[in-house]
Amino acid sequence: MKPIYSKAQLGYMKTKTQFEKQAAILEMEIEKTKKTREITQEVMEDLVMKTGFHDAYNNLVASENELIDWSHVTIKHEKTYKENKEPIEQMYANLNTDPQMRARIIDLAMKIK
């Protein structure tokens, strides 16, 4: 039986896949460009924009935020939330200052059924 995902989870999976695809394209362009010229900051910025990596990154961040918001609302209905409200709320409070906490919350959000 296939798992059922929420709209936020599906959106995140789609944008993450697109981000990874654009990252691979960027890497190929960097390697190709290295053969003919030095990779300066200006060249890198041009490649990032030209390959669509910048837009893919922005879309990924937006879908991560949507997933995090969805998970925060959804988890409030769980028994474990009621038992561990303070530590869970602390996790969500730190997600914008701690990249590891943000990644952890995203990972946990993808496990919510």
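**Salt bridges, core and pocket**

Mentor: Start with Lys 34, which forms a salt bridge with Glu 31; their closest N and O atoms are 3.3 Å apart. Keep in mind that this is a predicted model.

Trainee: Where do Lys 34 and Glu 31 lie?
Mentor: Both are in helix H1, three residues apart, which is about one turn of the helix.

Trainee: Is Lys 34 buried, exposed or partly exposed?
Mentor: Lys 34 counts as partly exposed because its relative accessibility is 48%, and exposed would need over 50%. Glu 31 is also partly exposed, at 40%.

Trainee: How many salt bridges are there in the whole structure?
Mentor: The search finds six. Another one joins Lys 32 to Glu 29, with 3.5 Å between the closest N and O atoms. Lys 32 and Glu 29 are about one helical turn apart because they sit three residues apart in helix H1.

Trainee: And how accessible is Lys 32?
Mentor: Lys 32 is exposed, at 51% relative accessibility.

Trainee: Which residues are linked in a network of salt bridges?
Mentor: Glu 29, Lys 32 and Lys 50 are.

Trainee: What does Lys 111 pair with?
Mentor: Lys 111 forms a salt bridge with Asp 107, and the closest N and O atoms are 3.4 Å apart. Those two are four residues apart in helix H6, so about one helical turn separates them. Lys 111 is exposed, with a relative accessible area of 55%, while Asp 107 is partly exposed at 41%.

Trainee: Why would such side chains pair at all?
Mentor: In general, side chains of opposite charge can pair when their charged atoms come close.

Trainee: Let's go inside. Which residues of the largest nonpolar core touch the most other members?
Mentor: Tyr 12, Leu 26, Leu 67, Ile 68, Tyr 92 and Ile 105, out of 24 residues in that core. Helices H1, H2, H3, H5 and H6 each supply at least two of the core residues. H3 gives the largest share, six residues.

Trainee: What is Tyr 12 in contact with, leaving aside neighbours within four places in sequence?
Mentor: Leu 60, Ser 63, Glu 64, Leu 67, Ile 106 and Met 110.

Trainee: And Thr 15, buried or exposed?
Mentor: Thr 15 counts as buried because its relative accessibility is 18%. It is in helix H1. Not counting residues up to four places away in sequence, Thr 15 touches Asn 59, Leu 60 and Ser 63.

Trainee: Last topic, pockets. How much space lies in the largest pocket?
Mentor: About 260 Å³. Its lining has 13 residues, and Ile 75, Thr 80, Ile 88, Leu 108 and Ile 112 lie nearest the centre. H3, H5 and H6 are the elements that give two or more residues to the lining.

Trainee: How do the lining residues divide?
Mentor: Eight are nonpolar, three polar and two charged.

Definitions and conventions. Residues are numbered from 1 along each chain as its sequence is written. This is a predicted model: local features need pLDDT of at least 70, side-chain atom pairs count only at pLDDT 80 or more; totals for chains, interfaces and linings use all residues. Side-chain values use heavy atoms; hydrogens and water are left out. A nonpolar core is a set of buried Ala, Val, Leu, Ile, Met, Phe, Trp, Tyr and Cys residues joined through side-chain atoms within 4.5 Å. Buried means under 20% relative accessible area, exposed over 50%, partly exposed in between (1.4 Å probe, protein chains only). Contact means heavy atoms within 4.5 Å. On a 1 Å grid over the protein atoms alone, a cavity is a set of points where a 1.4 Å probe fits but cannot get out, and a pocket is an open set with protein on both sides within 12 Å along at least five of seven lines; lining residues have an atom within 4 Å of a point. Grid points are joined across faces, edges and corners, and a volume is the space filled by probe spheres set on the points. Ala, Val, Leu, Ile, Met, Phe, Trp, Tyr, Cys and Pro count as nonpolar, Asp, Glu, Lys and Arg as charged, and the others, Gly among them, as polar. A salt bridge is a side-chain nitrogen of Lys or Arg within 4 Å of a carboxyl oxygen of Asp or Glu.
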